[in-house]
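Here is a short report on one chain. Please keep the model open while reading.

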Amino acid sequence: MVVVTLSSLLSTCDAYKYKTYFYQQKVDHFSFANQDNFIQRYLISDEHWDRRGGPIFFYAGNEGDITLFAENTGFVWDIAPEFNALVVFGEHRYYGVSLPYGNKSFSEPKYSGYLTSEQALADYVDILTYLKSAIRGAQKSPVITFGGSYGGMLAAWFRIKYPHVVQGAIAASAPILQFTDLTPCDKFGQVVTADFASASSECAEVIRKSWAAINSVTSSVEGKAWLSNAWKLCQPMRTEEDVKTLKDYLTNVWTNLAMADYPYPANFLAPLPANPVKVVCSQLTASGHPPKTLLEELFAGLTVYFNFTGQAKCLNPDQQADVRLDDKGWDFQACTEMVMPFCYDGKQDLFEPAPWDLQQYAKECNRKFGVQPRPFMAQYMYGGKLINAASNIVFSNGLLDPWSTGGVMWNVSSSVVSVIIPEGAHHLDLRGADPADPPSVLKARRLEKAFITSWIRSYWEEQQQQQE
């Protein structure tokens, strides 16, 4: 049932080298009504693998091109030599090049409806089962799964749903509780605000006042033209929908800056300097300016996000992050089983006030994709907070990361533990080691390695007992 077209050896950065393979995957794992197959990509590095029993480190790919996550999960690469591990990155269905129905994949629900976390996890089971049967020496190798953000959710759920396939999970910045009735919708925006306010209270106030300034300036045709020119927009604003698109972009930019507030330059969501929130806030110093002056000031800070390299010729509000992250696929998932409520009041947070309205949200999802959200589906499938029966999972969360509000921030049991990284942004612990890493992330990585070691040891002890 497989594969196995080997591409040329890829080296996407100097440190990480891997080979690219493709697996013939089922579209539907859970019924016999659809017998279609598709080609799914995965990446392998056996540079440090010991075929005499080395573990398999499997990254559960999330919402984008798998090469992006391979480049930004240096922790796995850093520890692979120490554990003599085979490294595998699986691409999530409907992302990157793993499109079950090609250009038709999002055209209507009969094609897009197979984009679910359940199907994705079943994909990973199939890929790992195949690899363990096809690669000499891998038949009994223990599997440790890793993931960050949505990938962290998948890593945790992988261990919960398929404990016989994976022996343990490192789930970094995994918001498995960012769902209805589990986490209040206003907490996320409050953490973003705290990040900016910690750099400067005036900085947060400039952003808070910018929404009214935008509304005021863009209330006229002349004002829309002025802002289009002042902010060097790639396409001039002409309609209220254009204004909404710009404000949605800004909401995502402030969130992304908080998520990627790393202590060193990085390019995960966009090329950014070290401590980007501080750099942005160094430009946002006077909230008392009149609207146009305040928006000129805001643009100086915004430039740090969209044009830190100086290569952008204009600002495109339709491009919020690295093009390898797929907004369309995630938007679909957010309209089906990944319904995560967010709300803002403009007082305890720096965003434009926006209540959470599930009914309106559902109407928009139906308009865009022809689907109806199921806001409780994730809890029903994976347990929500009721994961006491789970084992061998490390949940790590950085307190700079707004997604930590939906993370597991307490020890569920002796083997399902929480690691808090006070100076950490979004899955900082999964990134490669850097001289600027704070002590708390170094400690988190040591603990994660200790758990991985214990999981592998327990696995081999169980194997030995079964043979006796």
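Buried means under 20% relative accessible area, exposed means over 50%, and partly exposed lies in between, using a 1.4 Å probe and protein chains only. Strand 7 covers residues 168–172, and five of its five residues are buried, so the strand is largely enclosed by the rest of the structure. Helices (H or I, at least four residues) and strands (E, at least two) are DSSP runs, numbered from the N terminus.

This is a predicted model: local features need pLDDT of at least 70, side-chain atom pairs count only at pLDDT 80 or more, and totals for chains, interfaces and linings use all residues. Residues are numbered from 1 along each chain as its sequence is written, and side-chain values use heavy atoms, with hydrogens and water left out.

## Partners of strand 7

Strand 7 runs parallel to strand 6 (residues 143–148), and five bridges join the two. Two strands pair if DSSP finds at least two bridges between them. Gly148 stands opposite Ala172 of strand 7.

## Salt bridges across the chain

The structure holds 14 of them. Side chains of opposite charge can pair when their charged atoms come close.

In the bridge between Glu91 and Arg41, the closest N and O atoms are 2.6 Å apart. This pair links distant parts of the chain, 50 residues apart: Glu91 sits in the loop between strand 5 (86–90) and helix 3 (109–112), and Arg41 in strand 3 (residues 37–45). Glu91 is buried, at 0% relative accessibility. Arg41 also counts as buried, at 10%.

## Two further bridges

Lys26 and Asp126 meet through their side chains in a salt bridge, at 2.8 Å from N to O. This pair too links distant parts of the chain: Lys26 lies in strand 2 (residues 17–26) and Asp126 in helix 4 (residues 117–134), 100 residues apart. Lys26 is partly exposed, with 30% relative accessibility. Asp126 is buried, with a relative accessible area of 16%.

Another salt bridge joins Glu205 to Arg208, with 2.7 Å between the closest N and O atoms. Both residues lie in helix 7 (residues 201–217), three residues apart, about one turn of the helix. Glu205 counts as partly exposed, at 24% relative accessibility.

## Ser112

Is Ser112 buried or exposed? Ser112 counts as buried, at 2% relative accessibility. The residue lies in helix 3. Leaving aside neighbours within four places in sequence, Ser112 is in contact (heavy atoms within 4.5 Å) with Tyr94, Ser105, Phe106 and Phe332. The C-alpha atoms of Ser112 and Tyr101 are separated by 8.4 Å, and the two residues are 11 apart along the chain.

Notes. Salt bridge = Lys/Arg side-chain N within 4 Å of Asp/Glu carboxyl O.
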